Amino acid sequence: MNTLSAPSAPTVRYLPEGDSFRSHMAARHKKGTLWLTIFQAATLVSILALTALLYNIINQSFGWVAVRNQVEPEALAIEGTPLEELSKEQLITILEAYISKGVMRRLESEKPFSVRSREDVYQLVEERVINPEILRSWPLADSLLRRSAIHQEVVETFPGARLQFRAWINPQFLRAPQSANPAKAGVRTAMLGSLWIVGLTILVAFPVGVGAAIYLEEYAADNPLNRLIQTNINNLAGVPSIIYGMLGLAIFVRGLEPVTSGAIFGLSDPTTANGRTVISASLTLALLILPLIIINAQEAIRAVPRSLREASYAVGATHWQTIWHHVLPSALPGILTGTIFAMSRAMGETAPLVVVGASTFIAHDPTGPFSKFTSLPIQIYQWTARPQDLFRNLAAAAIIVLLVLLLAFNAVAIILRNRYRSKRREG
Amino acid sequence: MNTRYALIRGQRPSSSAQAALQRKPRWHEMAIQGFLFFCGALSILTTAGIVLILGRESWLFFRSPEVSLREFLGTTKWQPSIGQFGIWPLVNATMMTTFFALLVALPLGLCTAIYLSEYASERVRSSLKPVLELLAGIPTVVYGYFALTFVTPLLRGILGRDVVEIYNTASAGIVIGILILPLITSMAEDALNAVPRSLREASYALGATRLETAATIVLPAATSGVAAAIILAISRAVGETMIVAIAAGAGPAFTFNPFKAAETMTGHIVRISGGDLSYDSMDYNSLFAIGLVLFLITFALNIVSRWFVQRFREVYE
Amino acid sequence: MTAIHVLTATARLAPVQALAAARCESDCALEARQLSVYYGAFRAVKDVSLKIQRQKITALIGPSGCGKSTFLRALNRMNDLIPGSRTEGEVIFEGCNIYAPGVDPVEVRRRIGMVFQKPNPFPKSVYDNIAWAARINGFRGNMDDLVEQSLRQAALWDEVKDKLRQSALALSGGQQQRLCIARAIAIRPEIILMDEPASALDPIATLKIEDLMHELVKNYTIIIVTHNMQQAARVSDYTAFLMMDEDRAGYLVEYGPTDEVFTNPKDRRTEEYITGRFG
């Protein structure tokens, strides 16, 4: 390109003009439209994929089930009075007639029949005598679209069974503990376990996380050690959660077993002596969400205007007074939002808890930091992993519970933030 | 409140002004600062803990006569019950699920990001972005459920039940792709959005179409930000556990067939540690050796991703 | 019509209006007719009509916020890219209204180029900054020649001939701006719009840009927005003075040959502005 004819007026006219310009333009626009279609299609597919996720859960948590009763309720009617209207005494006679003396005695020793309410006895009749068993379930879409085919199928394959529309998520599902019978199983234990774990996690992670953020934003000088801390926190945020599970297994469950099993507090009982307790799970999750809390809190603190700090220093406040009275209150909405975001993360974590040692089956509610535990996501995982379809329905219902809890968390975060903001503005 | 007034009173130069202006040690402030430093330093302890634990157990693992580093990295059979510890089946399965995840998430994520950043109206963008963030918050076990009860039956329906096994890496990989989709979209969109408007205007003023502006000006200008998003997403895919634990299969298998069951590194750790595991056994130690490999891979990916982010910031911030 | 009225007022054309219109067809590169621009409900430019003379430099002056830049951006449909903006009226270019339905804004911008207030080279090499523009527009000639020619016309060749492959971001601000001009002329537009092209530059770089404009006007029609009246007086052949009314909408006060506008303004407001007695 060193030699060139006199570069003067725009003589080179290699650019398309007239008709050739027009056709060139048309081709470019065609290409543009084609790609726009591709971009739109991609966006649509993304949305569809995510909609399918939600559809699938709803689809699995409602639908027809084929139920067979061991004894039909109609057969239990006494002298034309339907079962629902029988008195407590009549219900007890039914119980005595249908179940063995041994079981009767056990029920009596659990709670004497004389003090049981009628509803209680009625429930016993339902469970022990009628004893409905779910034979098969159909997802919602099938239930709505293939109604007659399903009826046909039930008549042919499950004689004596009845079709019933079942919402797998129902009040009984929320109240009942875990059970091997899909018709009776519920998520109470798992829900309480999740709440215990998340509560303790936040109790540990919130002060430490905010403390670390204050240190990094307000105190840390720009030296290699502090830079290392900052880089390290950013890197920790990207470590797979299962690695934290292994850390928790080695340190909290195994290394600190006397503490986490409650033994040194004299609280241990044989079932929890192995350190696979709520507190181990909470400490593990606390380490996992610390980087998230720190990074969010740092951003919130950084957003506090410099002028506010200077105003505080100018009236003779110390560094800590400035932070405590001015910086933190201003940054609090941001810190809280970040914390609740981290809490949601802890709520949904599964893998580290499996590694730390969630129990596969507990029917007793957790009562404190040293209880054995299970949690909602663990429960979902276990139900999903079972081959029977009915447990898939339970898993779907449990997923709805989990998602509703997460949504509630986030809603609280938003409300809290907005209220706090308007308050500060008024004040 | 009280401390503040007390301190102000205390600072009044009552005796001698000289003494009042002298620096006094504020013990409780120092204690607070000490606590805050501890909070910050805890992160270092965490990392040190991870490295130490993984390192120590791995060391015990490799020191035992039954296994050597050469066998670990050089053979293709993982069967602890008969003393065979070749990590490749696990690594291979991880690579397969990650590959499928990227196959789904890269084109969809990038196209969606470009659409949102360069084409969509403000209304569409501001309603779709929160949806993306919400979806990024769904627990992975839910995605696992989706893989097993929706995607797998779908694949089996399309390709035939004898081709696709109930547990397979393809379905797990596809769903991991859906999982990292919001991550890629959101980060890539941020990067595209950070490209200054003036560049777009320059491009339009030269007679470029929207596509030409997006593809040859905005996207190249945002390369390092987009690259950071992709690498972070790979790291997430490699470390993803619940989806593979539920949908990919239980049992290490060295296969390149995506429709067959295979167990990834994370899937293996979760399955073995979820069962009855006795400490100081080969099984227990082997998990930490796998964990170490996993940690090193994701750590390296995260560092590369941060490096790209840094480079992107240098140009535009 | 206001446009004709204004032009006859310049006394450059024959007093007969019909004749004026006829002559304009050959001398007029661009004509705005009752052009209004809205941002949402806000009217930024109100009913501006004026005819831009071919191969002359026309300066748009006026107090800041009077809609000069908005008006300029309306001349090659750059405002289309701002969400919520809307244009009324017509801009006649080569006998057709660029806002008529069916007109391709991409083609409009290819033929009416633009240089912005802040230099905005692409984060590519110096060479690619120019080559890219030509390539997307279907250039089929020798790219090296085109790059050299464009850079020479922009009086930048000697300064950058050894760093064609370096990033354009490494150039100085003045060089970057001249690169943007080189980039604009590489695709041979008929008109170049310049939006305060020297406001971000130091006096020496400004001088170079002004010299360059004098060179370019031999081949191109140039419309420049400037807040600097000395600059308008130095470089332009025609000057349009815009002001804003009480609703902050910009409107045209006076338009004519620069000499006349500056030495013998017809309108009291122009005089006040030029002599500095105004806002």
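**Figure 1. The second largest pocket of this predicted model holds about 940 Å³ of space.** A pocket here is an open set of points on a 1 Å grid over the protein atoms alone, with protein on both sides within 12 Å along at least five of seven lines. Its volume is the space filled by probe spheres set on the points, which are joined across faces, edges and corners. The lining, meaning residues with an atom within 4 Å of a point, counts 30 residues. Look for Q123(A), E126(A), E127(A), Q172(A) and K184(A), which lie nearest the centre. Helix α4(A) gives the largest share of the lining, 8 residues. Two or more residues each come from β1, α3 (101-110), α4 (118-130), β3 and α7 (171-175) of chain A. Helices (H or I, at least four residues) and strands (E, at least two) are DSSP runs, numbered from the N terminus.

**Figure 2. Three strands of chain A form an open sheet.** The order is β2-β1-β3, with antiparallel pairing; two strands pair if DSSP finds at least two bridges between them. At the edges sit β2 (133-137) and β3 (162-167) of chain A, each pairing on one side only. Neighbouring strands of this sheet are turned by 45° against each other on average, direction ignored. Axes are lines fitted to C-alpha atoms, for helices over the stretch in contact, and angles run from 0 to 180 degrees between N-to-C directions. Helix α1 (residues 18-61) of chain A packs on the sheet, where it touches β1 and β3 of chain A. The direction of α1(A) makes about 25° with that of β1(A). Contact means heavy atoms within 4.5 Å.

**Figure 3. A closer look at strand β1 (residues 62-68) of chain A.** Because 5 of its 7 residues are buried, β1(A) is largely enclosed by the rest of the structure; buried means under 20% relative accessible area (1.4 Å probe, protein chains only). On one partner, β2(A), there are 4 bridges to β1(A). Here A66(A) stands opposite R136(A), and R68(A) faces E133(A).

**Reading the labels.** Residues are numbered from 1 along each chain as its sequence is written, and chains are lettered from A and ligands numbered from 1 in the order in which they are written. In this predicted model, local features need pLDDT of at least 70, side-chain atom pairs count only at pLDDT 80 or more, and totals for chains, interfaces and linings use all residues, while side-chain values use heavy atoms, leaving out hydrogens and water.

Terms used: On a 1 Å grid over the protein atoms alone, a cavity is a set of points where a 1.4 Å probe fits but cannot get out, and a pocket is an open set with protein on both sides within 12 Å along at least five of seven lines; lining residues have an atom within 4 Å of a point. Buried means under 20% relative accessible area, exposed over 50%, partly exposed in between (1.4 Å probe, protein chains only).
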